[in-house]
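Please keep the model in view while reading.

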Amino acid sequence: MAMAATAPYAFGAPATAQRRRFALIGVGGNGTGTAPVGQKFADLTALCDVDVGHLDRGNRLLCGGKADLYADYREVLARGDIDLVQISVPDHWHTKILIEAMRAGKDAYCEKPLTLTIDEGKQVRRVQQETGRVVQVGTQQRSSFNLFNKALAIIADGRLGKLKRITVGIDAGAWSPEIPVAEPAKGFDWERWLGPAPLVDHRFLKDPKGKTFTNGHTQFRWWYEYSGGKLTDWGAHHVDIAMLGIAAAGQNNDPTSVGGTAEHYVEFKDGVPTRHDRYNTAHAFNLDVTFAGGDVVLNIRHDVDNGILFEGDAGRLFVNRGKLVGKPVEGLRADPLPEDALSKVYRGMPIEGNDRDAHWANLMYSIERRTLPISDVHSHMKMLNVCHLAGICCRLGRTIHWDQATEQITGDPLAASMMSRPYRAGYQIEG
């Protein structure tokens, strides 16, 4: 019996499982925003951050002032009574901490984007296979059953026909004025925050309207030294769903090239920004990704509505975090999806909760069974590599060609060299 499209999908309550103990590494805004969801499933007993202010605030908000506090994540990983870590540090720290956590026998919830570079993704995947640790990437749209999963189910049921074009809107990047050198706030270990990244001065500015600009907390997203801008921020969410949609349609989603145009607020030489006193990630972009099947193009741009527009030869639909619309969606009233449609796109795993709650429930389910969660590091990196390739395309201003079989950039030695970054002495990534 088909499920009536006019009635809301029924999402079960979060699963009750044996309580585990987890630690939050990175107690900034996103860390404190996501950790309360994890607390529904496990006991948060330790907090770690290089900023004393973050630790104090997080301890009050999350743990009633009772958590064990650490400045060095290695002390957390050395604790035998912690089973799981939530990694919510800036992007340039993700890989190092995650690899060391897996080596220490910890399962993990790691925020997206999983890595700063393509080669870091290869390291993470290898260590996950070697250790068998369960890692859920924080792309919670994979557990959004009433919006993104429903869109994938519609595509998988053939309602759009053969996909021709997908447009991913991820908004424009940020602008900043020149940001002067400034002393870090008291209790903020700037050198440790930089970690694997180059040693540079801390910068901070508050304008007359109270808006802050910095190369540290909250604004690290707009510096290639620490992140990839919008392409690895919103891109890690929406490009992910777009590529899952190609696979759901039964088409080839092995990327072959990324080309197009981009604009930055600073000049670049050989892919490296020539100024270091203002935001340097791309603020405008119009990029086309091609795939081995040759029958679908993925367009990533800043100047359309945030979300994903799927266009096939039989219909089109648009989905974002607020809506799912299009004639194939309207058609569900008269011709509902099969009862198992959502289950199929969720790999047959339990549908418990929705969005972040469901994502954490899926992690706990996967930990209990020692199996890959819905947002595993391997499928995540295939998508994230497209976002990284897009960033390299923007920085060099030319089309980048990719061999999925070897996971290498081809025909462009400079671009290929940008698949990795040098690490500062003392912060190398082992493994």
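Helix α12 (residues 377-396) supplies the largest share, five residues, of the lining of the largest cavity; helices are DSSP runs of H or I with at least four residues, strands are E runs of at least two, and both are numbered from the N terminus. The model is predicted, with local features requiring pLDDT of at least 70 and side-chain atom pairs pLDDT 80 or more, while totals for chains, interfaces and linings use all residues. Residues are numbered from 1 along each chain as its sequence is written, and side-chain values use heavy atoms, without hydrogens and water.

A cavity is a set of points on a 1 Å grid over the protein atoms alone where a 1.4 Å probe fits but cannot get out, and its lining residues have an atom within 4 Å of a point. Two cavities of 30 Å³ or more are found in the whole structure. The largest has a volume of about 160 Å³, the volume being the space filled by probe spheres set on grid points joined across faces, edges and corners. Of its 18 lining residues, Leu-116, His-388, Ile-392, Arg-395 and Arg-421 lie nearest the centre.

The protein as a whole contains 13 helices and 19 strands. Its radius of gyration is 21 Å, close to the 22 Å given by the globule rule for 431 residues, so the protein is as compact as a globular protein of that length; the radius is taken over C-alpha atoms, and the rule is 2.2 Å times the number of residues to the power 0.38. Buried residues (under 20% relative accessible area, 1.4 Å probe, protein chains only) form 57% of the 431 residues.

Technical notes
On a 1 Å grid over the protein atoms alone, a cavity is a set of points where a 1.4 Å probe fits but cannot get out, and a pocket is an open set with protein on both sides within 12 Å along at least five of seven lines; lining residues have an atom within 4 Å of a point. Buried means under 20% relative accessible area, exposed over 50%, partly exposed in between (1.4 Å probe, protein chains only).
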